[in-house]
Amino acid sequence: MRVVCAMSGGVDSSATASLLLDAGHEVIGMTMRLYDASADEQKGRGGTCCSPAEVDLARRVCAQIGIPHYVVDERERFQRDVIDPFARDYAAGLTPNPCTRCNQHIKFQPLLQRAAAIGAEAMATGHYARNLYGQSLLRGVDPRKDQSYFLFSMGRDALQQVWFPLGTWNKDDVRKYAEAKGLPNWGAPDSQELCFVPGGNHGDVVQRRAREMGLSDAALQPGSVVDTDGNVVGDHDGIHRVTVGQRRGFRTKTPERRYVLKVVPESRQVVVGDVSDTQTARIEVGELQRLELAERGSVQCTVQVRHKSKPAAAEVSWDGHKAVVEFAEPIRSASPGQAAVFYGEDDLVLGGGWITKVEDRANGPLEAQA
Amino acid sequence: MRYPPALVINLDHNATTPLHPSVRDALVEVLQRPGLGNPSSTHGLGRSCREVVEAARRALAGALDAIPLGVTFTSGGTEADNLALLGGSAALQTAGKPHGVATSRTEHPAVVSAAEALAARGTPVVWIPVAADGSISPDSVARVVKEHPEIGLVSVAAANHELGNIHPVAAIAAAVRETREGVLVHTDAVQAFGKVPVRFAEWGVDLLSVSAHKIYGPTGIGALIHHTHLKLGPRSFGGSQERGRRVGTENWMGAHGFGVAASLVDEGLAQIEALAVHRDALAAAVTAAGGRIHGMPMLANTLNFGFDSAPGELMCMNLDLEGIAASTGSACSAGSLEPSKVLLGLGMPPQRAAEAVRVSMGRFTTAADVAAFAGMLPTLVERVRKAHQRASS
């Protein structure tokens, strides 16, 4: 069968292409070019997924295993659907989730369209998730690598045409396989940061892009850090440099650990509190993808609000594309703009959406500015 | 499926040409020669090898109406173009002369990116206007030089790599001289060499770039042709090879292959008009299928065209999977099939530019190759259009 393998230049997608070849498929590698080399990258700080250097690596892998490889230019779409919303959200005091947005808008449809145009019957990626009969999305079996959290938004249509061969693999075995096959990137470190923010400082990227987009500079100016009673306890260099639930990006006068609870763009205030203040028992979710869910209803399941966070027991009630999640025990670090993914028995992804409101927090409910 | 398919119809000669059998034989012969060393060494081994390099230099100079002392070997066309712009501008600056660069957006990336790199470090760069059909007139170049006293170097290709336009380099050089003495004129003749007569002295240019693998020679070797007295700022540091203009141990094997390929250029030129017949047949097939021709196909081997609503990227993928090599533009754009910068430089809207397909034939292209391509064109366009329409609906 003719299969397109989406290749990022990393070890996972390279091993995926090689596995498909082992299985006797006619494999065609495709890599998206998503952005130009950043200044950091040109300084040799290394690239991440889909950077020009990684695109070149994907081409080398394809040449080595003997399959065609095409690079497709999706820089405009990536800018419009991932980087710009990322900048806009941060400048509005939200916590964006660019990887899930990328999977929703970039990773599947553009490549599926091209796959169809060259007569391919399926597409595969190197994600750690399982696709059951093209119907259901499940966690990958390697708990440390499971990427289902990022994939809930891909939609049913894509699920019917996409394979995840690594869903039943452990990362260690993938590396061993890649090494045995002599793939050049078998030992490359896992990428940990946002691909378009190499070096991990998202604040500069947001600031640059927000200015290019002509967003108001006001929100990007320094401001004060206040506690839950409104007392000024420190300062920060711009609300786009802090992330709700984190302890970075601001300065306080006292040594105790403070977490960002809330960002108020209008007054450029960052509200901080201690660990207990970061808890919430109820969130609201919008843009609901109902993979396994009927039009409306409610269910007892587990809910994850970050890629690496522990799934928490909750009751989810939904109607159309809106849902309310009531946690059995309060959880930490739920932030507007992040994804909330619902899991059922046996690692099944029931659905998920984008957090619009987080309650039981200091200063009342936090609402997304949409 | 293993790649490439067993049978490939090569319609991408502007990316690279296959090695000429005579060049291959000459390379095998020189590699088997005993007693060759490092051409820079003073002993006998070095001297015999040095003679290989110098013979190649003479052959290349002879093919280009240049003198051997004005031939500097480089690693290829890109390095030659880079050396011309960066080295030329640096030397002008050192001499206290105007050192800005004027070139066009339709040049090869080796020139455009070098100009952008100069601009980034504060060197004045002016973009020469290009007509919608890809032509550049001597008058417009002269006007740029006149209106911008900061310009000290002009770079216009002898032939465009994507469109096949031939630019009037001799007339451009004359117009520049007439406007202001002392302005250096560079021409990237990488695509012109082997397809039209390339005459360094007769054209009156100061710098001229060529590359071996576009004239059926090996990859990894090119040359910058220049006046013997012309100073260039150094781009690399170490030894004093190539009279200090391009240091590092000479690629004598490559130079040998380049020299032999250059000596075969006239033979190729004698047959080039046969390709023009193929090109015109292809152009007729494109027009008959409802396509449009881009630029002015003046090189006998090159044709650039597009079909509405049929992205060039999908056309080229499908062609490749059928065993036909074609391109959307320069292979130097990170291997990606992105909208051609050359066509964007002509003011073409991005959607139209993204529909471009370039076919470029070569010495061993047959009428059957061309007929096979022309025959499948309507079906191919139909398939790609359908897939594209499904995707955008």
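Predicted model: local features only at pLDDT ≥ 70, side-chain atom pairs only at ≥ 80, totals over all residues.
Chain B contains 13 helices and 12 strands. Its radius of gyration is 21 Å, close to the 21 Å given by the globule rule for 393 residues, so chain B is as compact as a globular protein of that length. Along the principal axes, the C-alpha atoms of chain B fill a box of roughly 65 × 55 × 35 Å. Of the 393 residues in this chain, 51% count as buried. Contacts across the sequence were also counted. Among contacts in chain B with a separation of 6 or more, 73% join residues 24 or more positions apart.

The largest nonpolar core has 206 residues. Residues from both chain A and chain B are among those with the most contacts inside it. Val4(A) and Met123(A) are on that list, together with Leu60(B), Val141(B), Val154(B) and Val176(B). Helix α2 of chain B, residues 44-64, supplies the largest share of this core, with eight residues. A second, separate core has 13 residues, including Val225(A), Ile239(A), Val271(A) and Val272(A).

Met123(A) illustrates the packing in the largest core.

In chain A, five strands form an open sheet with mixed pairing, in the order β10-β9-β8-β12-β11. Strands β10 (250-252) and β11 (259-264) stand at the edges. Each has a single partner strand, so one side of each is left without a neighbour in the sheet. On average, neighbouring strands of this sheet are turned by 30° against each other, direction ignored.

Most residues other than glycine have a negative phi. Asp347(A), in contrast, has a positive phi near 65°. This residue lies in the loop between β17 (339-343) and β18 (349-358) of chain A. Asp347(A) is partly exposed, with 19 other C-beta atoms within 10 Å. Tyr216(B) also has a positive phi, of about 70°, although it is not a glycine. Its loop runs between β7 (207-211) and β8 (222-226) of chain B. Tyr216(B) has 27 C-beta neighbours inside 10 Å and therefore counts as buried.

How values were computed
Residues numbered from 1 in each chain as written. Chains lettered and ligands numbered in written order. Core = buried A, V, L, I, M, F, W, Y, C linked by C-beta atoms within 7 Å. Buried ≥ 20, exposed ≤ 12 C-beta atoms within 10 Å, placed from the backbone. Helix = DSSP H or I, 4+ residues; strand = E, 2+ residues; numbered from the N terminus. Rg over C-alpha atoms; globule rule 2.2 N^0.38 Å. Contact = placed C-beta atoms within 7 Å. Pairing = 2+ DSSP bridges. Axes fitted to C-alpha atoms, helices over the stretch in contact; angles between N-to-C directions.
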